[in-house]
Amino acid sequence: MSSVNTAIQLITREQAAATAGGAAANTCSPALARGPWDFDLAEALAGTPAYGPGASAADVAPASTPRQGQLPEEYKLASDAELDARIRAAKAALGDRAVVLGHFYQRDEVIQYADFVGDSFQLANAALTRPDAEAIIFCGVHFMAETADILSRPDQAVILPNLAAGCSMADMADIDSVTECWEQLAEVFGTEPDADGRVPVIPVTYMNSSAALKGFCGEHGGIVCTSSNAATVLEWAFERGQRVLFFPDQHLGRNTAKAMGVPLDRMPMWNPRKDFGGNDEQTLRDSRVILWHGFCSVHKRFNVGQIEKARAQFPGVNVIVHPECPMEVVDAADSAGSTDFIKKAIAAATEPTTFAIGTEINMVNRLAAEYPQHTIFCLDPVICPCSTMYRIHPGYLAWVLEALVRGEVVNRITVDDGVAAPAKVALERMLAARP
Ligand code: 13P
Ligand code: SF4
């Protein structure tokens with residue numbers, strides 16, 4: 001099976017060759033076929049950041065979103081074969097001094113150079129297993145690189161090959177709006193614990209959030225969760241608090257709390273643009289989980305119609321979706337779980353099985369290639385990768401690695417000590433809460 005990138009190139013060429021109104025579009029944007037540096041340049045010229053083509057293309061990036069400067073021309077012009085040779089030579093020269101981490105959602109053209117491939121949490125831990133590495137090159141997105149920096153030794157440099165690889169969902173909650181929300185909740189609930197010693201609210205942030213929000217949770221008795229431990233973390237929080245403020249992903253919060261028996265009418269949504277999040281005080285008082293109005297634009301693309309179609313076409317199909325999908329999609333699927341859960345579920349199937357998967361296309365296609373005995377396809381028929389993961393390209397990887405060979409560190413991600421210390425507290429609470 002060809003990689004997502006190759007499929008995009010092919011489809012785009014075919015569409016360009018087709019007569020007007022001819023071929024049906026089956027990528028979400030022909031611009032996906034271009035080098036990500038085109039978008040670095042477009043943003044520099046426009047003066048505003050954007051997520052670029054892919055699932056987050058229509059999301060508005062905050063002005064503070066990091067931007068990538070221009071990639072040197074030699075890396076833009078290099079052929080795939082030249083980049084391959086340069087990356088391999090740089091890695092060989094660096095040896096154990098550098099470790100390359102690749103998230104499941106990265107394109108295959110980058111994953112082939114990763115020393116570790118995994119989900120965001122596994123990769124943060126993978127960095128710890130390489131104490132000799134002076135540089136951790138994180139082929140993922142910004143919040144993952146920040147977490148690796150918090151958990152790694154101060155002398156290890158964490159590098160994000162393209163600084164524009166952020167996350168539209170993580171950007172939907174910022175420290176100012178969460179602090180304002182926290183103050184408004186304190187107006188409603190006060191700050192005193194109840195007779196059982198439970199405080200009014202425990203803040204819980206998804207791993208997909210800025211270091212500042214992890215720090216906020218560390219400072220306010222809160223905790224971090226990932227999609228693989230969200231239920232355990234919510235149990236931890238309910239032992240200590242009357243209710244939870246969950247950010248940024250409403251879907252992970254709702255799907256997890258619902259599975260734990262929390263009624264939907266006790267999960268109001270907090271809209272940061274409205275006073276009290278758009279809720280009346282009684283609704284907030286009755287709440288068990290207050291859900292931030294955030295979502296992932298990759299997982300929002302999945303719908304119940306796609307599942308019905310898969311079931312009609314492949315009777316007995318096993319539908320597995322990520323818990324960042326909307327509730328109706330999770331309810332209609334056979335199971336829901338983190339990227340690692342999806343991978344393990346497929347690995348565990350002993351008989352040839354048809355799997356319809358609701359998560360990012362690069363991961364789904366890779367699983368399909370790894371397990372040819374099964375039929376594995378993405379529920380979304382349109383090829384639409386995560387915009388920001390897609391901003392990493394072998395050209396940037398070659399650039400950061402060759403700079404390291406020359407003794408230069410480019411694109412380092414550092415979290416200030418004042419934020420890193422409380423963020424680490426919230427991350428360590430999560431580790432301790434692991435079942
Ligand atoms: P994982 O935490 O499973 O790596 O997922 C990260 C992510 O961005 C999901 O959308
Ligand atoms: Fe963010 Fe969604 Fe991309 Fe994950 S898949 S990095 S949550 S935009």
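**Domains, helices and ligand shells**

Reply: Two residues are in contact if their C-beta atoms, placed from the backbone, lie within 7 Å. Here, 13 residues of domain 2 are in contact with 8 residues of domain 3. The model is a predicted one, in which local features need pLDDT of at least 70 and side-chain atom pairs count only at pLDDT 80 or more, while totals for chains, interfaces and linings use all residues. Residues are numbered from 1 along each chain as its sequence is written, and chains are lettered from A and ligands numbered from 1 in the order in which they are written.

Me: Which elements give two or more residues to the side of domain 2 that touches domain 3?

Reply: Helices (H or I, at least four residues) and strands (E, at least two) are DSSP runs, numbered from the N terminus. On that side of domain 2, the elements are helix H6 (120–128) and helix H7 (142–151). H7 gives the most, with 4 residues.

Me: How are the domains bounded, and how far apart are the centres of domain 2 and domain 3?

Reply: The bounds come from an automatic or database domain assignment. It divides the protein into domain 1 (1–33), domain 2 (35–168 + 390–417), domain 3 (171–296) and domain 4 (299–378). The C-alpha centres of domain 2 and domain 3 are 31 Å apart.

Me: How is a helix pair described, for instance H4 and H17?

Reply: Axes are lines fitted to C-alpha atoms, for helices over the stretch in contact, and angles run from 0 to 180 degrees between N-to-C directions. Helix H4 (residues 80–94) packs against helix H17 (residues 394–405) at an angle of about 35°, and their axes are 9 Å apart. Among the residues making the contact are Leu83 and Ile87 of H4, and Leu397 and Leu401 of H17.

Me: What surrounds ligand 1?

Reply: A residue is near a molecule if its C-beta atom, placed from the backbone, lies within 6 Å of it. Ligand 1 is surrounded by ten named residues, including Asp119, Ser120, Cys296 and Glu324. At least three residues of this shell come from each of domain 3 (171–296) and domain 4 (299–378).

Me: And which residues are closest to ligand 2?

Reply: Of the 14 residues around ligand 2, the closest are Cys167, Met169, Cys296, Val298 and Cys386.

Me: What does the C-alpha trace span along its principal axes?

Reply: The span is about 65 × 55 × 45 Å.
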